[in-house]
Amino acid sequence: MTTQRDLDMVHLRLILVSGKTQDFTFSPNDSATDIAKHVFDNWPAGWEEEQVSSPSILRLIFQGRFLHGNVTLGALKLPPGRTTVMHLVARETLPEPNSHGQRNREKTTESNCCLLL
């Protein structure tokens with residue numbers, strides 16, 4: 001039986017680089033840091049080869065962007081009661097927000113085109 005609490009929760013299907021997946025359930029108030037800690041503390045059976053040494057290097061990727069630690073699931077407006085897919089990777093640091101755009105603005109004389117023959 002589905003309860004109201006279940007309908008209010010956010011269901012995540014986390015995918016590792018290896019392609020292995022695992023489903024988890026979180027509150028909309030949980031942050032990316034909370035999720036990384038929960039996954040680290042409840043590392044799934046079958047993910048042993050991908051085990052990391054610390055939750056601080058686990059990073060979530062949603063719609064092609066790294067989630068910074070304090071971003072909550074509610075802030076992402078994820079639909080409660082439905083499953084959302086995110087990638088989980090081990091990475092020491094995150095790229096700075098908008099660093100890609102800044103790098104492109106600095107390249108004023110370089111060309112990024114290539115010619116295929």
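Two strands pair here if DSSP finds at least two bridges between them, and strands (E, at least two residues) and helices (H or I, at least four) are DSSP runs, numbered from the N terminus. Before I go on, this is a predicted model, where local features need pLDDT of at least 70, side-chain atom pairs count only at pLDDT 80 or more, and totals for chains, interfaces and linings use all residues. Residues are numbered from 1 along each chain as its sequence is written, and side-chain values use heavy atoms, with hydrogens and water left out.

Back to S1. S1 also pairs with strand S2 (residues 21-26), in the antiparallel sense, over six bridges. Have a look at Leu14: it stands opposite Met86 in S5 and opposite Gln22 in S2. S1 and S2 form a hairpin with five residues between them, and Gly19 in that turn has a positive phi of about 95°.

Now for Glu50, in the loop between helix H2 (32-41) and strand S3 (58-62). The Glu50 side chain makes polar contacts with the side chains of Ser18, at 2.9 Å, and Lys20, at 3.4 Å. A polar contact is a pair of N or O atoms within 3.5 Å; within protein, one must be able to donate a hydrogen and the other to accept it, and residues adjacent in sequence count only if both atoms are side-chain atoms. Leaving aside neighbours within four places in sequence, Glu50 is in contact (heavy atoms within 4.5 Å) with Leu16, Ser18, Lys20 and Trp43.

Trp43 brings us to the rings. Phe24, Phe26, Trp43 and Trp47 form one aromatic cluster. Rings of Phe, Tyr and Trp (its six-membered ring) pair if their centres lie within 6.5 Å; planes under 30 degrees apart count as stacked, over 60 as edge-to-face and the rest as tilted. That rule gives three aromatic pairs. Trp43 and Trp47 have ring centres 5.4 Å apart and planes at 75°, so this pair is edge-to-face. Are these two buried or exposed? Trp43 is buried at 15% relative accessible area, and Trp47 is buried at 2%; buried means under 20%, exposed over 50%, partly exposed in between (1.4 Å probe, protein chains only).

One last item, on backbone angles. Most residues other than glycine have a negative phi. Gln63, in the loop between S3 and strand S4 (65-66), has a positive phi near 50° and is exposed at 68%.
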